[in-house]
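Here is a short report for a first look at this structure. Have the sequence and the 3D view at hand while reading.

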Amino acid sequence: MLRLFVALPLPDAIADAVVKTQSGLERASWSKRENLHSTLRFVCEVDEAKATDLVLALADIRLAPFEVALQGAGFFGHSKPYAAWMGVAPNEALNQLQRACERACRQVGLEPDARAYNHQVTTSYLQDGHSLE
């Protein structure tokens, strides 16, 4: 079984900007530049045949090029933060891409993703006991 997600890699200029902000949090494990991305759809665990079908369905998605920008930041985990993120400014082209990825997942028989889509890039994971203070 393969644990998969569909993601949009960050353009070089944005990835470079994110890396420049990666400091100042104690007990943080910073995301490597080559791993920075915005998740479009968490797939879950699938067998290799379904993964191949999904790759083919995703390869059919066509959109005009579009720009992305960062906007805002925050933490996952409220009172017990476990990750820091930077927001990706909402834009309709990105929403269209996310919806197309969701359709591709359903096309190959995956259950719909009930979670709301959030435009964000995880910049670090925080070790237990991290305090926002």
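Contact here means heavy atoms within 4.5 Å. The model is predicted.

**Helix H3**

Helix H3 covers residues 92–107. Its 16 residues, at 1.5 Å a residue, should span 22 Å, and the end C-alpha atoms are 22 Å apart, so the two values agree.

Look at the start of H3. There, Asn 91 places a side-chain oxygen within 3.1 Å of the backbone nitrogen of Ala 93. After the helix comes Gly 109, with a positive phi near 95°.

Which residues of H3 are buried? They are Leu 94, Leu 97, Gln 98, Ala 100, Cys 101, Glu 102, Ala 104 and Cys 105. What do these buried residues pack against? Their partners are strand S1 (2–9), strand S3, helix H2 (48–59) and strand S5 (83–88).

**Two residues in turn**

Gln 98 belongs to helix H3. Its relative accessibility is 14%, under the 20% limit, so Gln 98 counts as buried. Leaving out residues up to four places away in sequence, Gln 98 touches Leu 40 and Tyr 117.

Glu 45 sits in strand S3, which runs over residues 37–46. Is Glu 45 buried, exposed or partly exposed? With 46% relative accessibility, Glu 45 lies between the 20% and 50% limits, and therefore counts as partly exposed. Apart from neighbours within four places in sequence, Glu 45 is in contact with Met 1, Leu 2 and Arg 3. Pro 11 is another matter: Glu 45 and Pro 11 are 34 residues apart in sequence, and their C-alpha atoms are 28 Å apart in space.

**The cavity**

Rolling a probe the size of a water molecule over the atoms shows where empty space is left. How many cavities of 30 Å³ or more does the structure hold? The count is 1. The largest cavity holds about 50 Å³ of space.

Its lining is made up of Leu 8, Pro 9, Leu 10, Ile 14, Ser 38, Val 68, Ala 69, Leu 70, Val 88 and Leu 94. By class, 9 of the lining residues are nonpolar and 1 is polar, with no charged residues. Leu 94 links this part to the helix: Leu 94 is one of the buried residues of H3, and Leu 94 also lines the largest cavity.

How values were computed
Residues are numbered from 1 along each chain as its sequence is written. This is a predicted model: local features need pLDDT of at least 70, side-chain atom pairs count only at pLDDT 80 or more; totals for chains, interfaces and linings use all residues. Side-chain values use heavy atoms; hydrogens and water are left out. Helices (H or I, at least four residues) and strands (E, at least two) are DSSP runs, numbered from the N terminus. Buried means under 20% relative accessible area, exposed over 50%, partly exposed in between (1.4 Å probe, protein chains only). On a 1 Å grid over the protein atoms alone, a cavity is a set of points where a 1.4 Å probe fits but cannot get out, and a pocket is an open set with protein on both sides within 12 Å along at least five of seven lines; lining residues have an atom within 4 Å of a point. Grid points are joined across faces, edges and corners, and a volume is the space filled by probe spheres set on the points. Ala, Val, Leu, Ile, Met, Phe, Trp, Tyr, Cys and Pro count as nonpolar, Asp, Glu, Lys and Arg as charged, and the others, Gly among them, as polar. The expected span of a helix is 1.5 Å times one less than its number of residues. A polar contact is a pair of N or O atoms within 3.5 Å; within protein, one must be able to donate a hydrogen and the other to accept it, and residues adjacent in sequence count only if both atoms are side-chain atoms.
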